[in-house]
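Reader: I am new to this structure and would like to learn how to read it. Please take me through it feature by feature.

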Amino acid sequence: MLNLSARRLAACVALLMGLAQAASAAEILIVDAKSQPESLTVAPGGILIVGSASTPFIYKVRPGSTTAEKFVDASAEGVGTFFFGMLADAATNTLWACQLTPVPGLTPVKRHTALRGFDLSTGSQKFRWNLPGDNSTCNDFSIGPDKALYISDTPNSRIYKLPAGATNAEVFLEDHALYGIDGITFLGGTLYVNNVFSNNLYRIPVDAEGKAGQPVDIWMDQPVKGPDGMRAVNGKLLLAENGSGKISVITVNGDKASVTVIKEGLKTPTAVEPAGDTIWIAERGAGKAVSVPMPK
């Protein structure tokens, strides 16, 4: 009996060790705990690409690896340069990235930002468009049904639109409700954005001529705090709440929505990225990219 119990105990220990190893493999330290990964995306082949809000680098992590490699180096852009939004566009082999560079010597801080496009394979630059104005924040973006790229500019209350093949973006919508716009994504062909300042979720109506109307406030059945990165998956919205340490799934029904928390206890989660049966999360406060299973 003792031998049988010992064997069972050993089997249990082995199982627990295996689970622990599997869990740790889904936690990737991006250089160090101070790297502040702000956004991430998954490129073809399962390559994870992560931007940093405290370094001028974009990193990549190969499948099965827990080591982040430098993929893009923007240190020549100026002191304090860092990155926000990341989006892999497999159709054009482009990594879209939001680059931010502080203007030297100004208090309060102002930033010049650029939408940059890099080759997904090599990291070489393919595209650059500087956002207009003395202070801007290219925050995130989404590719629409029309293949255009839609870009959020947080302090200027704007959404820009970069048509496919164009060299310059244009203002798609400017509205006071968008002061604080952060996450942006299309769900079923409809554009949704969130506001990190007001904690609101909006639908952006578009008429037959493709012109945007006034944002429609979506009532949520429970509050969200610090809505940040947002993506669409399985007919729902996937949301990172940087103010509450939560990842939530939002089910939209007309002008109302229900919120279901699927992960909590995170340190400032700022981005989410669905990839098959996995959700990748940029945990900025911990300097990590972590993953959780996709809800059934």
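Reader: How many cavities of 30 Å³ or more does the structure hold?

Author: First, the ground rules. This is a predicted model, in which local features need pLDDT of at least 70, side-chain atom pairs count only at pLDDT 80 or more, and totals for chains, interfaces and linings use all residues. Residues are numbered from 1 along each chain as its sequence is written, and side-chain values use heavy atoms, with hydrogens and water left out. On a 1 Å grid over the protein atoms alone, a cavity is a set of points where a 1.4 Å probe fits but cannot get out, while a pocket is an open set with protein on both sides within 12 Å along at least five of seven lines; lining residues have an atom within 4 Å of a point. Grid points are joined across faces, edges and corners, and a volume is the space filled by probe spheres set on the points. Here there is one cavity of 30 Å³ or more.

Reader: Which elements give two or more residues to the lining of the largest cavity?

Author: Strands (E, at least two residues) and helices (H or I, at least four) are DSSP runs, numbered from the N terminus. The elements in question are strands E2 (37–43), E6 (82–89), E10 (138–143), E19 (227–233) and E23 (269–275). Among the lining residues are Glu 38, Phe 84, Asp 140, Asp 228 and Thr 270.

Reader: What is the volume of the largest pocket, and which residues are closest to its centre?

Author: The volume is about 310 Å³. Of its 16 lining residues, Asp 89, Thr 92, Trp 96, Lys 147 and Ala 164 are closest to the centre. Strand E7 (94–102) and strand E9 (125–130) each supply at least two residues of this lining.

Reader: Is Phe 118 buried or exposed?

Author: Buried means under 20% relative accessible area, exposed over 50%, and partly exposed in between (1.4 Å probe, protein chains only). Phe 118, in strand E8 (residues 111–119), has 2% relative accessibility and therefore counts as buried. Contact means heavy atoms within 4.5 Å. Leaving aside neighbours within four places in sequence, the contacts of Phe 118 include Ile 58, Val 72 and Leu 95.

Reader: Which side chain makes a polar contact with that of Arg 203?

Author: A polar contact is a pair of N or O atoms within 3.5 Å; within protein, one must be able to donate a hydrogen and the other to accept it, and residues adjacent in sequence count only if both atoms are side-chain atoms. Arg 203 lies in strand E16 (residues 200–204), and its side chain makes such a contact with the side chain of Asp 255 (2.7 Å). The backbone oxygen of Gly 254 lies 3.5 Å from a polar atom of the Arg 203 side chain.

Reader: Where does Asn 234 lie?

Author: Asn 234 is in the loop between E19 and strand E20 (236–241). Its phi is positive, about 55 degrees, although Asn 234 is not a glycine. At 63% relative accessibility, Asn 234 counts as exposed.
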